[in-house]
Amino acid sequence: MGLTSGNDGSDSMKLCVFDLRRGQTEGQELDKILFFNPADLPLPTQLSVIGLSEGLITFTRIFSPDAPCEVIEAEMHSHVFYEAEPDIWMVMVVEKHKESEEIWRADALRRVLKEAHSLFVMFHGSIRSLVDKDSTGGLVRTHLYYFMMDFLSDFSMGKKFQLPNFRDSLRERGTLQMLTVGREAAIEVQCLVRALESCAGNTQCFSLTMFQDLLVSTNLSPIDTVNLFTYAILRLTPLALSAGARSWSSSSKGNTACNTSAGAVLANYGSVGDQYHNSHDTSPLRNHNHPLARPLQHSKWSKGKDGFLVTDIWGVEVNSLVPKSPTVWLHQTEEKMYLLAYQHRGLTVIILIPVSSVNGEQGVATVKQQILEHASLKMFKVEEKLARGWGGENAYHVSGYRYLLVDGDRCTSRASPPGKVTTLTKESLVALSKLREEIDKEKSKAKWDNEGGEKDLELCIRAKNNAWLIARLTRGKELYMVLEKANETLLYASDAVEKFSDRYCNGSFSLD
C-alpha cells in the first residue's frame, strides 16, 4: 500500500505536527508546519487548523499550565492533542458522524499519535534534533512526510481511514501481549538469551524473543520493548510477512503514483518556503541526497535462506548490491543499534548490537555467523517447545467472558481473542466504549491532581440490551469485562468478576 493523496475522502480526519518555536513572526507562520494530512489541502486551510489548535493550547494553559491540553469536543469535530516533545505538538481532528461506526475514545486516538511518534524516534531520532540540524525545516518535513504516510497507510480502508473505534474497546494499543510458558520452555529461553549474548563477544547485546505475535522474553527497557514489539507486529512476525506478501501486487502498482504525489506535496512546502527565505534550499527534496529509510513501507521485509530477515529499506553498500543492516535508536541508552532479526517458523528473535561496537557491515556479518553456528539449534529447540505448548489463537479465551486485562506498571495486556469479541453486539461495545471514556477521565484527573495516576475504581453498568459492563481498577491494574446473556442481578455480575479474578488474575481484582 503506497502513499495516498488527500483527495480520497479522508478529509474527515486531519493530522498535523507543528513546532510552537517556529513561525512566530508575522509572515512566517508556515514555518511551524512540519507535517499535515491531507497533504494537498490548501495551505491557508492547513494554517487555519494549526492556528485553531495553537489557540486552544494557549487558552487551556491559562487554566491548567501544568496539564497539557488533551481533547476538545466540538459539535462537529473532536480535537485530540499530544505534546510529543517540548513545543512539538501532534493534533488529530476527526469529524463526528452520528450514523456511522466512527464512535471512538479520545485516549485511543491519542495512543495512535503516541505510537507514531515513538516509532519515528526509534528510527530517525527526535523531531527536535532534526529541526536543529536544518533550520529551514526541509529535513524534518521530508522524514515526517514519508514516515507518517507509511504509518497512516495501515489505517487506510479504501477511501477512508479506519481509526480505532468502539469495536476496539477490548484492546489496548501500546502494550505488550505476553506468551505464558512452562518451566521447561522458560529454561530453554534463558539458555537461548545467554547464547545470543555470547555470540556478540564483549559487545553489549540486547534481544527480544517472540512466538507468533506474543512476547516471550526481553532484556530491553519497557519503553524500548514496547517500541520494538510494536514494529515487529507491524512488519516482522510471520503473520506480518505473509500479510505483506499478499499485498505486494497492489503495493507495487501504487508506488509510482504515490511517490509522484509525494514529490509534488514536498515541493509545495519548498515553494512556500521560498517566499520567506528566497532560497530553493527550503525544499525538503533538496535534503534528499541519500536514500531515505522508510521502515514502515509494506512488503519490504523477507526471510533469507539463512533464516535472517532481509530488507533494502536502509539502502545498499557502495559498489555493492548487499543491503545495509537496519538501525534503530534505543530510548534508554540513546544509542544507535544494528537490528538483526532471525525467524524460524513461529519464532522471531530480534538482536540489537551497538553500531559503535562492531566494524560496520563486516562486523554485523561476523555476529550473524556466530549466531548461526552457536545459537540456531537453540532457537529451533525453543520454537519446538513453544509450538508444542501453544493453544492457538483462542488460547486465552475464557468461556462466557469477554475481557481486557491491563497492567500499566508492566505495559502488558491480555484480552479475549478478536474472533470472540466479534460475537458481542454493537450495543454492548458502544456502551463499553462510553464506560472506558469515563474511566479515562477519572484516570486523567487523578494524574493531574498529583495522586500518582493510580486510583481504585469500580463501575458496573447494565446496558440497554441487558449486558453487564464492568470496570475495576486497582494498584495500576485494570479489568474491563462484558457479560451478555447474564443473570439480571448485580450480585451475579459481581460474583462472575470475583471468579475470574481468583482464577486468572491471582485475586488482583477481588474485593476481599
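## Close-up views of a predicted model

**View 1. Met92 and its contacts.** Met92 touches Met13, Lys14, Leu15, Ser78, His79, Val80, Leu109, Val112, Leu113 and Leu163, leaving aside residues up to four places away in sequence (contact means heavy atoms within 4.5 Å). This is a predicted model, in which local features need pLDDT of at least 70 and side-chain atom pairs count only at pLDDT 80 or more, while totals for chains, interfaces and linings use all residues. Residues are numbered from 1 along each chain as its sequence is written, and side-chain values use heavy atoms, with hydrogens and water left out.

**View 2. Two nonpolar cores.** A nonpolar core is a set of buried Ala, Val, Leu, Ile, Met, Phe, Trp, Tyr and Cys residues joined through side-chain atoms within 4.5 Å; buried means under 20% relative accessible area (1.4 Å probe, protein chains only). In the largest core, with 66 residues, Met92 and Leu352 touch the most other members. Helix H4 (residues 138-152) gives this core its largest share, ten residues. A second, separate core of 46 residues includes Leu179, Cys199, Ile371 and Val382.

**View 3. The open sheet.** Five strands line up in the order E9-E8-E14-E13-E12, with antiparallel pairing (two strands pair if DSSP finds at least two bridges between them; helices, H or I of at least four residues, and strands, E of at least two, are DSSP runs numbered from the N terminus). Strands E9 (214-218) and E12 (327-329) stand at the edges with a single partner strand each, so one side of each has no neighbour in the sheet. Three bridges join E12 to E13 (residues 336-344), and Trp329 has Lys336 as its bridge partner in E13.

Note on methods:
Buried means under 20% relative accessible area, exposed over 50%, partly exposed in between (1.4 Å probe, protein chains only).
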